[in-house]
Amino acid sequence: MSATNSIAGRCGCKIRGCNCRSKYRLDTALRATFKRTMATLNNWTTNGKHYLKPIENVAKHNEDLRRKKEEEKVGWERMMREVDPSASNERKAALVFRFLEEKKKMDAQIAKKKEEKEFTGKPNMSKTLKNWRTYQYYHPGRWMKPVLQDKEMWSCCSSTIKESRGCQATVKDKMAWQFL
């Protein structure tokens, strides 16, 4: 070894006591971690669908809109030829427009029913915020025929229907503490 190498750091550079090699190892480890992370990101799925980057998502959306517009244009031209030939162009256009708008509404309703609930990252609170209270209605009075009346009725609320819901309610909470 030469005298300059003995003075130099372990990594081989000319700076005394340098830890370049350890920095290099750290940098290599970070790169490997980054590559693993990116590989994971590329394989991400949400609700069974592969993750699309925002640019890809916009491009796909634009392509779908372009395709739908072309289909509508072809459908419009075909329907204009099929509508009553004796009608004026304005009437034909109005009939075709109304028909296509109704078709769009029906398609939107069908798609809305078929559409799966997308992953939003928010918890489903419908189970935890459920109202566990039940109300039981009853009549505190008696079913009887008063002296001055012809019909029988409840003495508490004067309801003439024997199987009526009731005028008083008790609340039972299934989630409340039960004390013996």
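Let's start at the surface. Tyr135, Tyr137 and Val171 form a nonpolar patch there, with about 290 Å² of accessible area together. Nonpolar side chains are joined within 5 Å, like charges within 9 Å. Areas are Shrake-Rupley, with a 1.4 Å probe.

A word on the source. This is a predicted model: local features need pLDDT of at least 70, side-chain atom pairs count only at pLDDT 80 or more, and totals for chains, interfaces and linings use all residues. Residues are numbered from 1 along each chain as its sequence is written, and side-chain values use heavy atoms, without hydrogens or water.

Back to Val171. Val171 sits in strand S6, residues 168-173; strands are DSSP runs of E, at least two residues, numbered from the N terminus. Val171 is partly exposed, at 49% relative accessible area. The scale: buried is under 20%, exposed over 50%, partly exposed in between.

Next, the loop between strand S5 (153-154) and S6. Ser159 is found there. Ser159 is buried, at 18%. Beyond its neighbours within four places in sequence, Ser159 contacts Trp143, Met153, Trp154 and Ser164. Contact means heavy atoms within 4.5 Å.

Cys167 is in no disulfide either; the nearest cysteine sulfur, that of Cys156, is 3.4 Å away. Cys157 is partly exposed at 33%. Cys167 is partly exposed at 35%.

Key. Patch = residues over 30% accessible without salt bridge, like charges linked within 9 Å, V, L, I, M, F, W, Y side chains within 5 Å. Salt bridge = Lys/Arg side-chain N within 4 Å of Asp/Glu carboxyl O. Helix = DSSP H or I, 4+ residues; strand = E, 2+ residues; numbered from the N terminus. Buried < 20%, exposed > 50% of the residue type's maximum accessible area, 1.4 Å probe, protein only. Disulfide = S-S within 2.5 Å.
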